Structures are given as C-alpha cells and as structure tokens.
Amino acid sequence: MPSLVNETSNVKSFTTRKRKTLFSQIFKSRTGVLGLFILTLVVLIALLAPFISPHDPAKVDITATLLPPSWVEGGSAEHLLGTDNMGRDLLSRIIYGSQISLLVGISSVVVAGLIGVLIGLVSGYYGGWIDNVLMRIVDAFLSIPNILFTLVILGIFGPSLITLILVIGATNWVNYARIVRSEVLSLKEREFVKAAKTMGVRDFFILFRHLLPNVVSSLSVVSTLSVATTIILEASLSFLGLGIKPPDVSWGGILSDGRDYLATHWWVATFPGLAITITVLGIILVGDWLRDIFDPRSNIQNDI
Amino acid sequence: MKYFIKRLIQAVPVLFIISFIIFSLVYMAGDPVLLMLPEDAPQEDKQALREALNLDEPFHVQYMTFVGNLMQGQFGKSFTYGQEALPIVLERLPATIELAFAAIFVATIISIPFGIWSATKKDSLGDVFISGGAVLGKAMPNFWLGIMLILLFSVYLGALPVSGRGTIFHLILPAITLGTGIAAQITRLIRSNMLDILHQEYIRTARSKGLKEFLVIYKHALRNSLIPVVTIMALQTSSLIGGAIITETVFSWPGLGQLLIQAINTRDMAIVQASVFVVALLVIMMNLLADVMYRFLDPRINLK
C-alpha cells in the first residue's frame, strides 16, 4: 500500500511543525555529529582490524576458555573482554566482526539499490500496465517478512557470504522502488522533463540524466537507514545459524555461541550485542541527520 | 465499499505472484525424494515416488498442480510430521498471534504516555531522554534484547521463566522483547503527530474556549494523533511477524517461527511453503484492513 504513507505526509505538510526552537536544532545536529563519530570509528576499526586486534580472532586456546573480562575477578589484561568457549579472544572477534557487518550491510544495500532504483524509475516513468505489474510484484514482496524470505532462500541454497549479500539485496529492493517511483511520478509532470520529452530526448537519457539525479538525495537517506536494518538482519540470520559461517566472524554468530553459556558466562553474548547496537545507533543518527538536511518535510520511516 | 472491492481484486494477482515465488524457490531446492527415502532405497522406489509427486513433469505443469492444490488448501504432506502441512501451520498460529498481541499491548502502554510527554514537554530533559531511548530501542537487535532480559530476569533475579509457553509469566519477556522495537517507533510517531496537531487551529480554539489543558491534550490532540498510529501498526504486521520469528527462537516459544526454523533446517518444504503463504495472506489482510480503517477513521481522505 504505497499510497498510504504519502497521504500521511501530505496531511502533515500543511501544518506548521517546522517551528523548531534553537535548542532542538542544536540537539539534532549534536546527534548527527555523534552518529558520524560512531560511524567513523566503526569504519576505522573495520579497516584497521589486522593492526589493532590484539589476537588472532580464530586462534583456539583450550587453556584459556571462557575467561571473564579483565576488570572482573579472574580476568586478565591479556584478554580485555574475556574469551569464548574455545578460548578465542572476544575483543579481537568483535573487531573482526565489524568487517562482516559493514561489508554485508553496504554491499547488499548497493545490490538492493540498483534493483530498486531501476524498477522504480521504469515503473514511475512509463506507468500503465508496466507500473501495475511491477507494483503488484512490490506488494507481493512486501507481504513476505524480510527475515522470513531470506531465511527460506538461505535454507534452500545454503549460507555463504556472497549468497547472503545477494539474497538480502534481492529481497530488500522494494523500499527503493517505492520511493523512486513516487518521486518520479511527480518529477515527470515538471517542465524540464516535459521539455526534454518534446525535444525528443530518448527515454534512456530522461531516466538516467534527468530523473535519477533528482532522486539521489532521498536515496541517500533511505540507503543509510537501510544499512542499519541490514546489519541487524545479517546479525539475526547469523544468530539463527543461516548467515555467516566460520571461519568468518559475525557479531550474530558470536552472540549465538554465547547464548549457550549465558547462565555462567554473561560476557560472550553481551559484548557482540553492544557492538551491533552502537553501530546501528550511529547509522540511524546519521540517517536522521541526512533526512533533516535534505528534506525536513519528508516522512521516510525506516522499518526495523 | 467500491474502494474496498477494488483493493480486494488487486490482492488476487499479488497472491498469484506469491504462489509463484514460493513454488519456484522450492523447485530450485532440488529433488525432495532423496530426503524422503533412505539413501539405499532401490531406484524403482525413488522413481515411483517421483511420479506420485508429479516431479517428472515440466515446471509449468507442476506449478499449475501446485496452484490447484493450494486453492484447496493443500501444500502436500510434511515428511517430518507425516500429515498435511497446512493444519500443522495453523495449529501454531495462535501462539504467534498471542505473542504479537502481547507485544502490541506492551508497545502501547509504553509509547502513549511517553509520546504525549515528549510532545507536550518538547525539548525538556524528559523529551531528550525519551527521544534518545526511542532511537536506542530501534538500534537494539531484538534477539539480543531478549537474551539480556533472560540474563537479568531469569538468570540473576530468577523471577521469570526462560522459555516455553503456558502461564502469563512465560509471556512477559517475549512480549517485552518484541514490543520494544514497536514501542520505539510508535513513540516517535505519536510525538511528531502530536507536535503537528498541537499547532492546529482547532486546538487553539479549544484552548481559547477555556478548555482544561488535560482535556485539550487527551480529547482533541491524542485522539487525532492515534489515527495514523493505528493504521501504521497494521501496516507493520510484516515486520511484527518477522520479529516474532526471532523472538520465538530465543524463548523457545512454540509458534509459527519456531516451526518454520525447524522446517528450514530439516528441509521440510511443505511446511515452509504453507508457513510463507499463511504469513503472506495474514499480512495482505492486515494491510487491507489498515487501508480501510485509515479511510474510515479519517474522513478527510477521499474514498477514490
């Protein structure tokens, strides 16, 4: 039901909620700065993982299993956040886990974006039966929960990094298609598009040179927020055992290992979850910030 | 009414597309006979079973048979349970619906007071905390939240059961786990809707009439801010069920999600197909309901 969200924002647009006080503006940008700071930190950690990680994340040490974090009794400075059931250093695993999270998050958003933008452009610009068919496909995809869809496909084809990225991309394009379509619907009534059409510019150029650049700002907001959703999705799938497989390290996977030792060794399940929360928080803050900058009126919700 | 019928008719092709997606996925999954019979079964037996299951027919013939059976509610026999898949799936549905309603209940009692508070006391310390908490609630993966709740309430306090279904106490932790994300989203929504409405003419009129602030907020502002909330909640059915799948796994809640994960792991495709279809049907029905409710509750929306 794509129409509904638009109508909500239409009802909104004629009201005067834009009168924000100075304090809230500062608060808003402060959160944006915080988000940017968190995100930069996570990206740096992922890029510099081999240099900053204190241990090999896959190195098993049966003499040091389930060691508590260093500040807890029995912990050592050698393993700052403790070790897991196989004696692997938790901090190193979490540092390496950031690589998978960002890699899957960003690449599957790129895949989803490519599919969604193309379908949205075509659907909105051509309209008619093409639009009708494509929108029914969108409705079909919308009615199957993302996690369910990806679980089933991964269950059938077997999990691997590439499959995971492609599957998440192939099931998450719907949001882009809807947003691009609704923007194209209003853009194509504008003078510059009509002029280009009368001058005989080919459809291909209208789509990619005139329409696409005009949807980039809303795309950047949606993509940012989608990276957050995707990171949680990947963690959930890995948690359920259908995402990233060892030796690759995923935060969801570490969490799943830690769950079995929860009653006696709380740290294994706690820290990877904190890492996910902080990363996703940073991305959401940046996304909200971008939305306020590009289009304060828009009401794009990110659905988690 | 005319609108409703139009939407109902639109749902038919969507269901066909879904049936096509479900069928193709399982078709690509490969030969189920190898899973159903022991490895050393004679070749003739395998061939006989293939013929009995129509597996030697071409794709489109198999698909037509699939749709025909689907219309009679038959998804084939589950080989783990040895009976028709649909009744098994429907038997698990009440547990999932119970969990979903409990989560919505939790979300409602958290988000309405918080939403009102942060809108009426905008930019106060309370608002900053509530808005911040809402972003945090969205950033937390719900399976991690569930594990942390188990750690706190079951492991350390020993107050609530870790898993299973039965008493109201079993329901508390899963409901909070699933409800927090929704609460975060609705709090944000109520806040922004209330902020819009508090600037409207009729609120000013109500105030200038000398109406008590309490009545202005509850009778005029809150009621109108809840209209989009109700419909957006119904539109969130898809992500609610998605969240329930993971929550059920964390708490061993005997619902649809748990059944589905088991079915994916054992490659019991009849159950997988039936669950995906039932969920999709549920989502489509809720979306239709949302659409109708939206138009019914808000007379400003034109019924065309």
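Helix α6 (146-157) of chain A joins α1 (2-28) and α13 (269-297) of chain B in lining the second largest cavity, each giving at least two residues. Helices here are DSSP runs of H or I with at least four residues, numbered from the N terminus. This is a predicted model, where local features need pLDDT of at least 70, side-chain atom pairs count only at pLDDT 80 or more, and totals for chains, interfaces and linings use all residues. Residues are numbered from 1 along each chain as written, chains are lettered from A in the order written, and side-chain values use heavy atoms, without hydrogens and water.

**The second largest cavity**
- A cavity is a set of points on a 1 Å grid over the protein atoms alone where a 1.4 Å probe fits but cannot get out, and its lining residues have an atom within 4 Å of a point.
- The lining residues include F149(A), V152(A), L25(B) and Q273(B).
- Ten lining residues are nonpolar, one is polar and none is charged (Ala, Val, Leu, Ile, Met, Phe, Trp, Tyr, Cys and Pro count as nonpolar, Asp, Glu, Lys and Arg as charged, and the others, Gly among them, as polar).

**Salt bridges in chain A**
- A salt bridge puts a side-chain nitrogen of Lys or Arg within 4 Å of a carboxyl oxygen of Asp or Glu, and eleven are found over all chains.
- D84(A) pairs with R93(A), with the closest N and O atoms 3.7 Å apart.
- D84(A) is buried at 1% relative accessibility, and R93(A) is buried at 8% (buried means under 20% relative accessible area, exposed over 50%, partly exposed in between, with a 1.4 Å probe and protein chains only).
- D257(A) and R88(A) also form a salt bridge (3.8 Å, N to O).
- D257(A) sits in helix α11 (residues 251-259) and R88(A) in the loop between α3 (49-52) and α4 (90-126) of chain A, so this pair ties together parts 169 residues apart in sequence.
- D84(A), R88(A), R93(A) and D257(A) are linked in a network of salt bridges.

**A buried charge without a partner**
- E234(A) lies in helix α10 (residues 203-239) of chain A.
- E234(A) is buried yet has no salt bridge, and the nearest side chain of opposite charge, R93(A), is 11 Å away (Lys and Arg count as positive, Asp and Glu as negative; His and the chain ends are not counted).
- Beyond neighbours within four places in sequence, E234(A) has contacts including I100(A), V104(A) and S250(A) (contact means heavy atoms within 4.5 Å).

Methods:
1 Å grid on protein atoms, 1.4 Å probe; cavity = no way out; pocket = protein on both sides within 12 Å on 5 of 7 lines; lining within 4 Å.
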